[in-house]
Amino acid sequence: MSEAIRQRLVVIGNGMAPGRALERLFETSPGTYAVTIFNAEPRVNYDRIMLSPVLAGEKKFDEIVIHGDGWYIEHNVMLYKGMKVVKIDRAARTVTADNGTTAEYDKLLIATGSQPIVIPVPGANLAGVLTYRDLDDVTAMMLAAKSRGNAVVIGGGLLGLEAAAGLREQGMNVTVVHLVPTLMERQLDSAAGHLLRKAIEARGIHVITKANTKAIIGEKKVRAVLLEDGTELPADLVVMAVGIRPNAALAKDAGITVNRGIVVDATMHTSDPDVFAVGECAEAFGQAYGLVAPLYEMANVVAAQLAGDKSAAFAPSATATKLKVTGIHLFSAGDFADGADREEVVFRDAARGVYKRIVLKDNKVLGIVLYGDVTDGAWFFDLLRRGTDITAMRDTLIFGPTVQAGAAKDPSAAVAALADDAEICGCNGIPKGKICKAIADKKLKDLAGVRAHTKASASCGTCTGLVEKLLQLQLGDAYHPSASQAMCGCTTLSHDDVRRLIVAKELKSIPALMQSLEWKSSGGCAKCRPALNYYLLATWPGEYVDDSQSRFINERIHANIQKDGTYSVVPRMWGGMTTASELRAIADVVDKFAIPAVKVTGGQRIDMLGVKKEDLPAVWSDLNAAGLVSGHAYGKALRTVKTCVGKEWCRFGTQDSTALGVRIEKFMWGSWTPAKVKMAVSGCPRNCAEATCKDVGVICVDSGFDIVFAGAAGLDIKGTEALGHVATQDEALEVIVALVQLYREQGRYLERIYKWAARVGLDTIRKQIMEDVERRKALFERFVYAQKFSQEDPWAQRAAGKDAHEFRPMADLTPLQAAE
Amino acid sequence: MNARALVRPAAVWRAVGALADIPVRGARVVKTPAGCVAVFRTSEDAVFALHDRCPHKGGPLSQGIVHGTSVTCPLHNWVINLGTGKAEGADEGSVPTVAAEIRDGRIWLSLSELP
Ligand SMILES: Cc1cc2nc3c(=O)[nH]c(=O)nc-3n(C[C@H](O)[C@H](O)[C@H](O)COP(=O)(O)OP(=O)(O)OC[C@H]3O[C@@H](n4cnc5c(N)ncnc54)[C@H](O)[C@@H]3O)c2cc1C
Ligand code: SF4
Ligand code: SF4
Ligand code: FES
């Protein structure tokens with residue numbers, strides 16, 4: 001459809017609700033709308049409910065992203081990150097952001113979510129007082145937690161407890177202050193609340209109930225929390241998690257009807273027929289919603305309405321809650337208050353810490369509280385949602401579906417007993433039948449497959465166990481839960497198993513290895529082959545013949561593939577030093593081959609981008625003539641050794657950092673490693689070469705060289721750890737080489753040094769390199785031996801004709817046809 | 001010009017090279033007026049040909065890693081079946097195939113199906 005007749009849809013807010021609505025809209029009527037999103041948060045749509053695992057250190061932010069940048073590009077969505085809309089002009093049909101950016105709309109979708117309530121006590125605006133809502137809050141909490149000090153969490157509801165558990169996990173001393181006697185009183189009765197309290201306290205978290213906060217004390221920064229009864233709790237960090245309020249002010253200012261939230265009817269229209277609201281900011285049937293499941297239902301309705309289905313309507317249904325604290329299992333749904341017209345069935349097993357309570361009214365399930373054993377949660381919840389009459393199974397109801405079916409106690413039976421339309425994944429509203437169908441139709445074998453195809457268990461993940469049981473039921477013995485530990489689908493062996501067996505069984509080629517280790521696929525896959533090639537190469541230097549067909553294209557042809565299929569070429573500049581003649585040669589090559597872009601890289605060298613594949617050998621030949629060789633900027637190999645000018649020029653320099661860097665690079669270039677290796681040498685602790693975020697770094701000091709390692713400055717940011725101090729350049733080189741060799745021998749393919757170090761332990765590595773001198777020397781010798789076979793410039797080899805087939809088409813049929 | 005569009009010969013086979021020109025578990029490119037064709041050789045010495053454009057974002061499939069009868073795209077690791085041209089796994093999409101045969105050690109492509 002042409003841009004002119006496309007309708008313009010503007011979305012304010014980029015949370016989970018509009019994310020789902022757009023996903024559905026693009027599925028059902030792609031191309032109907034030109035979409036613009038304003039998001040006050042400077043980022044893409046992510047799974048907000050997974051912030052707690054991020055805080056607890058169990059997940060990384062990129063694992064919880066729902067729509068990466070690519071998704072917006074793919075669907076032609078203009079996403080304005082970090083722009084807050086401050087005005088809606090309904091007459092002009094425009095919205096305007098705080099920086100003045102304005103967009104016109106035909107349809108407007110307000111999805112501003114809600115904002116955490118800040119209790120208006122004195123001191124609430126001190127530094128160190130946070131709320132818990134977005135990634136910035138999590139980052140701030142994690143930063144504060146570095147001090148290992150005291151944290152006070154105000155609010156013992158779902159969010160407060162998740163924050164408390166996360167902060168405790170980060171090493172803080174945590175106190176939870178809760179107004180009423182029972183934790184999570186909106187989801188739990190007092191018995192379950194008591195069990196929960198014991199479990200929380202068992203993690204070393206203090207819980208104070210019936211406590212009202214009077215003030216937060218501190219000068220510039222928070223120092224303590226003062227309770228009504230005079231208790232003063234020391235605090236370096238205060239997190240308020242006392243509830244949320246729909247973000248409706250923007251809509252209200254625009255004259256749209258607003259109550260507690262933005263009022264919408266069942267079709268999600270606001271009082272303005274061209275304006276929709278969705279998510280936590282919306283109020284439907286007199287209620288605002290704060291859980292994802294109903295918000296996703298709203299989102300489906302908005303998508304259908306936008307696509308022209310006027311009959312789509314939102315009908316609120318019961319929701320279930322789970323606490324996402326690893327090791328604590330609780331499930332709650334519906335209404336479980338006591339009442340004259342209600343009956344209840346209770347089961348307790350104090351020894352196992354299990355408590356189950358089902359509230360019944362007119363022989364139907366009205367409320368469910370499960371603590372400790374939540375396996376039957378989905379089944380009970382299904383009875384609740386359907387309003388099933390349970391008279392016939394009244395006596396054994398509490399024992400769950402297994403007993404109803406009369407079967408022996410089998411953990412899968414509960415799942416087997418569920419009806420096909422029973423909901424498994426509450427977040428995404430995925431019923432059992434849909435998952436089973438996907439497993440059968442798409443021949444899914446594991447959790448990852450189910451997540452990719454159905455989204456089940458891809459949000460909060462608490463239904464993962466149920467999904468795994470479905471896989472188990474459907475696939476029987478063919479399901480291997482441990483398959484995820486395996487190197488790839490071609491084997492059940494892990495990376496470490498394979499490395500061990502290569503040595504033990506003296507496996508020296510990929511076919512021999514696949515034969516001996518009973519590879520399941522005929523020739524491996526793109527995951528295992530490059531890994532095997534590396535392992536064999538690193539284990540048998542001089543013996544193993546590199547299999548170029550098992551290398552990624554970049555390493556096969558020694559240049560970096562770019563998104564348009566051209567390549568980039570980066571010659572080495574030892575230690576970041578260059579000369580006039582090298583620069584001249586580069587300039588000449590750029591002119592001669594009409595290379596479109598030249599860039600200075602982060603690693604102190606020069607990148608020529610957009611080189612045509614056919615030109616590569618000739619480009620290299622010209623560069624070689626000026627003494628320039630491959631920089632391995634494309635490889636799992638030694639990349640760069642950055643240096644500062646050091647003692648030679650700098651007035652602070654303590655050693656000749658440049659010379660050391662050049663020496664290291666000349667010694668180590670050409671070696672293959674499990675993942676890329678970047679190094680740096682700084683001439684003094686001012687650290688101009690940024691050595692403290694590298695895989696290996698050196699900081700020169702008057703008395704010698706401080707060697708550091710295991711830093712990261714990519715997807716993860718991590719300062720280095722100390723390895724040791726040595727007095728001379730020779731020793732520095734020996735230590736660094738031995739460290740890299742140990743990594744070459746132990747690292748899993750694609751595992752950077754900092755991940756390897758975290759896995760095997762910093763101290764173990766320090767001992768082997770710094771204390772066990774014999775071992776260090778042996779590692780050094782093994783590296784030196786391997787280098788004999790790897791220090792030949794791959795560019796020179798190819799300029800001289802090696803692998804010529806890589807750079808030329810097999811046949812060119814163009815001239816013949818064109819001559820017609 | 002117009003005449004060419006009307007005439008659609010049934011199948012014009014063209015020899016494009018020898019089997020030995022392609023490394024085992026590798027690929028080579030054949031340039032045609034309408035774009036590149038990737039010709040693959042598997043470990044069993046079977047040949048397959050596909051348009052050299054990944055259905056995902058146009059990555060050059062000829063530069064990928066060949067395994068079994070599939071190739072993994074070098075740009076974002078989609079796995080494409082060499083026989084059907086369809087993406088495997090959870091990804092959906094497909095690339096046109098070109099009929100390919102070996103006769104006496106030479107590789108022949110069915111020209112009418114060239115892009
Ligand atoms: C730590 C945590 C744990 C949770 N756990 C669970 C759980 O286990 N289960 C569950 O069901 N739910 C859970 N929730 C609740 C769930 O995350 C929310 O209900 C859901 O994310 C709300 O989605 P939304 O799209 O309505 O709003 P939000 O995700 O809040 O998105 C609103 C977005 O709009 C932006 N915005 C606001 N105003 C403007 C403006 N004027 N201009 C531009 N942008 C603006 C905001 O910056 C924000 O990014 C949890 C929430 C948190 C914080
Ligand atoms: S790190 Fe020290 S020696 Fe090197 S340039 Fe900076 S100040 Fe000078
Ligand atoms: S060059 Fe690096 S940082 Fe830049 S887009 Fe590519 S991967 Fe990302
Ligand atoms: S272009 Fe092939 S996977 Fe992205």
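**Before the exercises**

Just after helix α6 of chain A, A:Gly204 has a positive phi of about 85 degrees; helices are DSSP runs of H or I with at least four residues, strands are runs of E with at least two, and both are numbered from the N terminus. This is a predicted model, in which local features need pLDDT of at least 70 and side-chain atom pairs count only at pLDDT 80 or more, while totals for chains, interfaces and linings use all residues. Residues are numbered from 1 along each chain as its sequence is written, chains are lettered from A and ligands numbered from 1 in the order in which they are written, and side-chain values use heavy atoms, with hydrogens and water left out.

**Exercise 1. Helix α6 of chain A**

Task: Work out what span helix α6 (residues 190-202) of chain A should have, and what its buried residues pack against.

Solution: 
- Step 1: take the rule, which is 1.5 Å times one less than the number of residues.
- Step 2: apply it. With 13 residues, α6 should span 18 Å, and its end C-alpha atoms are 18 Å apart, so the two agree.
- Step 3: list the buried residues, where buried means under 20% relative accessible area, exposed means over 50% and partly exposed lies in between (1.4 Å probe, protein chains only). In α6(A) they are A:Ala191, A:Ala192, A:Gly193, A:Leu195, A:Leu196 and A:Ile200.
- Step 4: recall the helix geometry. An α-helix has 3.6 residues a turn, so residues three or four places apart point the same way.
- Step 5: find the partners, with contact meaning heavy atoms within 4.5 Å. The buried residues of α6(A) pack against α5 (158-169), β12 (206-208), β23 (330-334), β24 (343-349), β25 (354-361) and β26 (364-371) of chain A.

**Exercise 2. Aromatic pairs**

Task: Take the pairs A:Trp620 with A:Trp795 and A:Phe667 with A:Phe780, and say which parts of chain A each one ties together.

Solution: 
- Step 1: set the cut-offs. Rings of Phe, Tyr and Trp (its six-membered ring) pair if their centres lie within 6.5 Å; planes under 30 degrees apart are stacked, over 60 edge-to-face, and the rest tilted.
- Step 2: get the total, which is 17 aromatic pairs over all chains.
- Step 3: check the Trp pair. A:Trp620 and A:Trp795 are stacked, at 5.4 Å centre to centre with 5 degrees between the planes.
- Step 4: A:Trp620 is in helix α20 (residues 616-625) of chain A and A:Trp795 in helix α27 (residues 794-799) of chain A, so the pair joins parts 175 residues apart in sequence. A:Trp620 is buried at 0% relative accessibility, and A:Trp795 is buried with a relative accessible area of 0%.
- Step 5: check the Phe pair. The ring centres of A:Phe667 and A:Phe780 are 5.7 Å apart and their planes are at 20 degrees, so this pair is stacked.
- Step 6: A:Phe667 is in helix α22 (residues 657-668) of chain A and A:Phe780 in helix α26 (residues 773-787) of chain A, so the pair ties together parts 113 residues apart in sequence. A:Phe667 is partly exposed at 27%, whereas A:Phe780 is buried at 15%.

**Exercise 3. Glu23 and its neighbours**

Task: Is A:Glu23 buried or exposed, and which residues does A:Glu23 touch?

Solution: 
- Step 1: locate A:Glu23 in helix α1 (residues 16-28) of chain A.
- Step 2: read its accessibility, 13%, so A:Glu23 counts as buried.
- Step 3: leave out residues up to four places away in sequence; A:Glu23 then touches A:Ile66, A:His67, A:Trp71 and A:Lys455.
- Step 4: follow A:Trp71 onward, as ring pairs link A:Phe26, A:Trp71 and A:Tyr72 into a cluster.

**Exercise 4. The shell around ligand 2**

Solution: 
- Step 1: use the cut-off for near, a heavy atom within 4 Å.
- Step 2: list the shell: A:Cys644, A:Gly646, A:Cys650, A:Phe652, A:Gly653, A:Gly683, A:Cys684, A:Arg686, A:Asn687 and A:Cys688.
- Step 3: sort by class. Ala, Val, Leu, Ile, Met, Phe, Trp, Tyr, Cys and Pro are nonpolar, Asp, Glu, Lys and Arg charged, and the others, Gly among them, polar. The shell has five nonpolar, four polar and one charged residues.

**Exercise 5. Chain B**

Task: Describe the make-up of chain B.

Solution: 
- Step 1: of its 115 residues, 46% are buried.
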